[in-house]
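Welcome! Let us walk through this structure together, one region at a time. Keep the sequence and the 3D view at hand as you read.

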Amino acid sequence: MQQSPLQDMDAPIAEFRAVTKRFGAVVAAEGLDLAIRRGEFLSFLGPSGCGKTTALRMLAGFEEPSEGEVLLDGQRVDGLPAHRRPVNMVFQHYALFPHMGVADNIAYGLRQRRPRPSGAEIARAVDRALETVRLEGYGGRRIWELSGGQQQRVALARAIVNEPKLLLLDEPMAALDRKLRRDMQIELQGLQRSLGITFVLVTHDQEEALSMSDRIVIMRGGRIVQVGSPRDLYDAPRDRYVADFVGKSNFFPGRIEGADGAEARLAVAGGQVIAGRPRRAFSEGQAAVASIRPEQVALLRPGQGVGLPVRVLTGIFLGEHTEYLVRHEDLGEFLAHVPRQAEAAQGRFAPGDEAIAAWPEGAALILGDD
Amino acid sequence: MARRRIGATLLLAPAGLWLLAMLVLPLVVVLVFSFGERGPAGGYAPAFTLANFLNLGSRGAAFRNTLVLAPLGTLACLLIAYPLAYVLAMRVGERWRTVLLVLVIVPFWTSILIRTYAWIFLLGGQGIPKLLGWLGLGQPMLINTPFSVLVGIVYGYLPLMVFPIYVSLERLDKRLLEAADDLGAPPWRSFWQITLPLSLPGVATGCLLVFILLMGEFLIPAMLGGGKVFFVGNALVDLFLQSRNWAFGSAVAMALVVVMLVTVTVYMRLMRRWGGGRDDVALM
């Protein structure tokens, strides 16, 4: 891995070029094209079996693509075994070496280098790594003496001590409890900013991906569906799958009644028509779906506004807002998030209450239904 | 608390009584006999003398053979069993693994006596030496040598070594090997640094099992050693059943117990040190 001094900092740190991976007859990843930017926090998001872990393992060198090229820092690495790639991974269950202490675990990667760094250099680097993950003084501990959260930090230290070009994280938070996970997410994000290492995270937890990533790659059935910032994906999902996976949404299926570039009109159940921004070109009569985020749906007392008459079925208090499940005669059931301020003004809704559901113009997105 | 203690006592009672009757009492008898004399018509006559212990040197060859061939046999078993167990646990697919594991056990389906008997023919004048003679490689004497005893030992004890090692390798978390690979260790280095240390409990168990059983072995040297290569076990058979000198036989038996205790203690100390203070390496 020769690194040229006049490196183009805008060149991607890693790339998939038309990468396909098959395991026997099973296609795990198909036609992946992706450039990972230097220093970004990128997440692969999707349900299990979507190919996100396969993508990560091809970066690590545990799997070789069946077709296509994998590049690291401008150089092809497909065919290069994992131990010769300047990439390190934090494993899902940490995979710490149980027969070594904390310091030896962290030093493991440095000790594999040839020429081998001196004992003093290694000790310094290990101490620095322990400090980075806030485990000063834990070098002499045995692995089994540590809590789950501490083991996670050791796994992180063991990877970053090598100053890899890519830090790969395979569902690193899956084994932590909710509170610890939240803390660790914030810490990881801070760490990524301060170290300047490119992080690539694999997760099925959309909240995790949304809160930490600069960009998210949404995968489905081995293919990349959409790549974008958390905001892009939330506000402008490419299709129903993305809208459903990133955040919550209400979907109303129907047929296109009329469409131009800026607005599409969707005929839904019971002769209702929903107008919204189309996310692709539609022709008349085509099946499509309207997507409206619950927080854009306002609930009003009858007579206080214009909208759809609904009946409240349930209300779940979620802290900053209450999630109401309501039912409209034609459109069926959907969700509305009512913020605390609105509740303070008009009072809480009880199951069985009549209400008016309304959303602002432009709140609905018209998406392909596939 | 008291009730729990009574329960534990009851649970331990059968094994405790069994050990008392079958191990402790006989051992005491052997100890008492070892200070006695040979009766006029053989057997035991009460006395208190150290003569039997002072006479142990006359059976020095048996102790020497046992103390050389038992560790050597254990080592030979280990060197052959480890690669086999490694392939079974790490390299073979699910289906073949079962087939091969069964093949390792198959020899146990017939008596060790019959199997060892087969080796007498294989190693005897009409067996492998004759084949080598046809090939113009001379006709080496194979039967009734330390080599033939070693062959018999490896043949008979290999499965006892293979299984504990196989189990420890099979249980080894394969993600650790990926982690080593990821951190820059080529395969052979991750073997030395990860696989081997983590399979030491299996190695220690296998070695201890084979070694202890070998220290008391008498069948294989009797059949494949032809009276020339004999173990302490053969000396005991001879003393108790042939020359009927129970007192001297008891002294030899006590000496074997002491030698065994010393070597096993030293062995466990060493394993514990290598294992970095891990009890599982020494005790499993």
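Two strands are said to pair if DSSP finds at least two bridges between them. Helices (H or I, at least four residues) and strands (E, at least two) are themselves DSSP runs, numbered from the N terminus. What you are looking at is a predicted model, in which local features need pLDDT of at least 70, side-chain atom pairs count only at pLDDT 80 or more, and totals for chains, interfaces and linings use all residues. As for labels, residues are numbered from 1 along each chain as its sequence is written, while chains are lettered from A and ligands numbered from 1 in the order in which they are written.

Strand β4 (residues 67-72) of chain A and strand β5 (residues 75-76) of chain A pair in the antiparallel sense through two bridges, and A:Leu71 stands opposite A:Arg76 in β5(A). Two residues lie between the strands of this hairpin, and A:Asp73 in the turn has a positive phi of about 55 degrees. Another partner of β4(A) is strand β1 (residues 14-23) of chain A, joined to it in the antiparallel sense over five bridges. There you can find A:Ala14 opposite A:Leu72 in β4(A).

Now step back to see chain A as a whole. Its secondary structure comes to nine helices and 20 strands, and its C-alpha atoms fill a box of roughly 80 × 45 × 40 Å, taken along the principal axes. Of the 370 residues in chain A, 39% are buried; a residue is buried if 20 or more other C-beta atoms lie within 10 Å of its own, exposed if 12 or fewer, and partly exposed in between, with C-beta atoms placed from the backbone. Two residues are in contact if their C-beta atoms, placed from the backbone, lie within 7 Å. Among the contacts in chain A with a separation of 6 or more, 66% are between residues 24 or more positions apart.

Let us turn to a helix. Helix α3 (residues 119-132) of chain A has 14 residues and reaches 20 Å from its first C-alpha to its last, close to the 20 Å expected at 1.5 Å a residue; that expected span is 1.5 Å times one less than the number of residues. Which residues of α3(A) are buried? They are A:Ile122, A:Val126, A:Ala129 and A:Leu130. These residues lie on the same side of α3(A) because they cover an arc of only 100 degrees around the axis, the arc being that of the directions from the helix axis to the C-beta atoms. The face turned away from this buried side carries the exposed residues A:Ala120, A:Glu121, A:Arg124 and A:Glu131. The cover over the buried residues of α3(A) includes α2 (102-111) and α4 (148-160) of chain A. Just after α3(A), A:Arg134 takes a positive phi of about 60 degrees.

Further along chain A is an open sheet of five strands, in the order β15-β19-β16-β17-β18, with antiparallel pairing. Its edge strands are β15 (298-300) and β18 (332-339) of chain A, each pairing on one side only. Within the sheet, strand β16 (residues 308-317) of chain A pairs with strand β17 (residues 321-328) of chain A in the antiparallel sense over seven bridges. Here A:Thr314 stands opposite A:Leu325 in β17(A), and A:Ile316 stands opposite A:Glu323 in β17(A). β16(A) and β17(A) form a hairpin with three residues between them, and A:Gly319 in the turn has a positive phi of about 90 degrees. Four bridges also join β16(A) to strand β19 (residues 354-358) of chain A, and these two run antiparallel. In that pair, A:Val310 stands opposite A:Ala355 in β19(A).

Finally, visit chain B. B:Gly36 lies in the loop between α1 (2-34) and β1 (37-38) of chain B. Is B:Gly36 buried or exposed? B:Gly36 counts as buried because it has 21 C-beta neighbours inside 10 Å. Not counting residues up to four places away in sequence, B:Gly36 touches B:Tyr44, B:Ala45, B:Pro46, B:Ala47 and B:Ala247.
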